[in-house]
Amino acid sequence: MNDKAKIQTCTLGELMIYQIALSIEDGILAFHGFGSPLVQLALHLAKRNHAPRLILVAGATYGINPTPPFLTPTTNDFAMNRGAECHLDIEELFDLAASGRMGRMFLSGLQIDKWGNMNVTRMEKNGKLTLKLPGGGGGCNLSCDTDRITIWTAAHRAPPDDQGRRRYRLVERCDFVTSMGHRTTESIHRSRMSFRRQGPDCIITDLGIFDFNKDGHAQLRAVYPDTSVELVAENTEFDFPVAENLTTADLPDIEMIEFIRRMDPMKIHQRELRQADRQRDFQLSGA
Amino acid sequence: MYTQDDKRCTLGDLVTHVQTGDCVAIGGGLSWREPMAALRELIRQDIKGLKLIGSAHGIDVDLLCGAGVVAVSAESYVGFEQDFGMAINYRRACEAGLVKVEDNCCYTLVQQLRAAISGLPFMPIRSVQGTDFMQLHPEFKTMTCPFTGEQLVLVPALKPDVAILHAHYADQHGNLHIEGPPVADILFAKASAKVIVTVEEIIPHEELAQKGVTIPYFYVTAISEAPYGAHPTSCYPFYAYDRKHTACYYQAAKQGADSFHKNYLHPFVYNCKDHDTYIEAIGGKARLARLEQWDASMEQWMKLYE
């Protein structure tokens with residue numbers, strides 16, 4: 001109980017985990033992939049709080065509703081699978097998505113465009129490969145088949161280099177489209193494809209939160225206590241509309257923060273954050 | 001169909017089933033149950049020009065790329081996740097044009113393997129449309145569904161020449177038992193022309209039957225006993241992931257291709273004439289004991305990942 005009294009702030013990582021958790025509806029089947037500790041923690045946080053009936057499918061092990069004793073540095077580890085109620089295999093997991101029964105998936109990208117298309121495959125210059133990225137796993141298929149996608153990135157901030165050039169994470173156009181958002185780069189809407197599901201509905205970043213407007217264009221919905229519309233605009237290559245009811249994002253409560261710290265004693269999730277962002281924290285109201 | 005009574009062979013003989021230029025499916029996934037001993041032997045025998053297919057992989061594909069035996073990668077993901085980040089040898093080989101990039105996605109691969117398993121020329125999917133995989137894979141076609149009028153993508157059957165797996169147990173007939181997530185191993189075994197397998201232990205059939213047959217013998221071409229054959233990836237419940245050895249691997253790769261040859265490939269692959277010598281090179285039984293005792297306590301388990 002003494003520890004509880006001491007928590008007066010939350011970190012950026014904990015804020016992002018909470019916001020990702022808020023995107024998860026109760027009673028759906030949701031799946032986290034690999035290499036995404038913020039999302040792993042968010043799913044467990046959601047299930048423990050507002051979404052107890054969530055069918056939580058762990059990435060890589062395909063265990064359902066596991067209760068990991070601690071977060072591990074790689075995803076396909078027995079610890080992440082401990083306590084699983086039952087298991088899927090690779091075919092069944094992707095069949096569930098293809099048949100429209102996966103409610104939500106979480107995807108990220110080294111490039112994210114205004115329609116929510118993402119690139120994790122390759123960076124190019126004049127059609128030539130300049131940087132081979134790890135690849136998207138099943139992200140391409142799931143971006144088309146899953147009902148809703150939460151997009152997240154902890155590297156929205158794009159500081160200028162010596163020559164004043166910025167390498168944007170939120171870009172006008174992806175060099176390669178690994179996963180599908182609302183419109184193709186030729187602006188063809190996803191409703192023209194034979195997909196039956198709706199696509200991304202939020203982008204949660206280290207600077208703020210976007211949703212998507214009727215056109216399928218990213219629109220700024222919330223900033224953080226230490227960011228502003230101007231800061232987000234400066235770090236985003238495309239122009240974006242701002243929601244009329246723009247808010248400052250809510251922070252998690254103390255129980256949630258304690259849960260996250262208990263589940264991730266090695267602070268694995270901070271590896272997704274830049275060094276400077278690991279120092280960012282936010283005063284909890286009433287603390 | 002592989003029906004011989006006794007499929008046991010040496011690790012050296014096992015990998016001779018792989019030919020230069022083969023399309024190879026590697027079992028396991030990320031830091032879990034990669035057939036590392038077999039891959040090191042493949043490198044020692046200089047079997048190259050390989051086309052790799054798979055879902056989510058890491059050190060297995062990166063090692064083969066670092067050793068220069070890969071011509072094409074059609075993997076879905078190759079990396080070290082949040083643990084170490086990008087796969088450096090893989091990146092270097094792709095960016096230098098030594099490895100042709102033909103990335104795929106998990107479900108597309110599943111459907112291509114299912115087509116092969118079902119004896120069909122293709123399988124349809126809805127996904128992939130609207131993405132650049134359609135350009136990267138001109139062999140993917142679209143068609144209008146004769147029943148619903150929807151546009152679907154057809155992906156052709158994929159029959160790997162060889163699947164290389166690491167399992168917990170086999171009997172001498174080649175029945176396999178895998179504990180924990182099979183990842184794509186069962187699909188690979190059913191779709192591939194040949195299946196070669198290293199196992200932690202070969203046990204009598206009665207014992208294996210009790211544990212349960214994950215993959216029936218007639219898919220399996222040959223087996224070789226290689227305890228700790230997945231090291232430095234995990235093979236729970238026998239042993240955990242060797243993060244410290246992987247860190248040493250990653251450092252060697254990070255400092256350049258020459259460093260990787262000198263500081264990793266030579267001491268741990270080329271200079272190890274066989275798997276036993278490799279086990280000595282990584283620190284022998286003392287090192288493995290640490291990995292085996294992952295379940296002694298939660299603290300001990302976490303300590304492996306510091």
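**Close-up views of a two-chain predicted model**

Chain B has 14 helices and 12 strands; helices (H or I, at least four residues) and strands (E, at least two) are DSSP runs numbered from the N terminus. The model is predicted: local features need pLDDT of at least 70, side-chain atom pairs count only at pLDDT 80 or more, and totals for chains, interfaces and linings use all residues. Residues are numbered from 1 along each chain as its sequence is written, and chains are lettered from A and ligands numbered from 1 in the order in which they are written.

**View 1. Overall dimensions of chain B.** The C-alpha trace of chain B spans about 65 × 50 × 40 Å along its principal axes. The radius of gyration of chain B is 19 Å, which agrees with the value near 19 Å for a compact globule of 306 residues; this radius is taken over C-alpha atoms, and the globule rule is 2.2 Å times the number of residues to the power 0.38.

**View 2. The open sheet 6-8-7 of chain B.** Three strands of chain B form an open, antiparallel sheet in the order 6-8-7, where two strands pair if DSSP finds at least two bridges between them. Strand 6 (122–125) and strand 7 (141–144) of chain B are the edge strands, each pairing on one side only. From one strand to the next, the twist averages 40°. Helix 6 (residues 106–118) of chain B packs on the sheet and touches strand 6 and strand 8 of chain B; its direction makes about 145° with that of strand 6 of chain B. Contact requires C-beta atoms, placed from the backbone, within 7 Å. Angles run from 0 to 180 degrees between N-to-C directions, and axes are lines fitted to C-alpha atoms, for helices over the stretch in contact.

**View 3. Strand pairing within this sheet.** Strand 7 of chain B is joined to strand 8 (residues 151–156) of chain B by 4 bridges, and B:Met143 lies opposite B:Leu152 in strand 8 of chain B. Strand 6 of chain B is likewise joined to strand 8 of chain B by 4 bridges, with B:Phe122 opposite B:Pro156. In a regular strand the side chains alternate between the two faces of the sheet. The covered face of strand 6 of chain B carries B:Met123 and B:Ile125, and its uncovered face carries B:Phe122 and B:Pro124.

**View 4. Packing of helix 2 on helix 3 in chain B.** Helix 2 (residues 36–44) and helix 3 (residues 59–66) of chain B pack at an angle of about 10°, with their axes 10 Å apart. Helix 2 of chain B is therefore roughly parallel to helix 3 of chain B; angles under 35 degrees count as roughly parallel, over 145 as roughly antiparallel, 65 to 115 as roughly perpendicular and the rest as oblique. Helix 2 of chain B contributes B:Met36, B:Leu39 and B:Ile43, while helix 3 of chain B contributes B:Asp60, B:Leu63 and B:Leu64.

**View 5. The side of chain B that touches chain A.** The contact takes 51 residues from chain B and 51 residues from chain A. Strand 3 (70–80) of chain B is among the elements that supply at least two residues each, and strand 3 of chain B gives the most, with 5 residues.

Note on methods: Contact = placed C-beta atoms within 7 Å. Buried ≥ 20, exposed ≤ 12 C-beta atoms within 10 Å, placed from the backbone.
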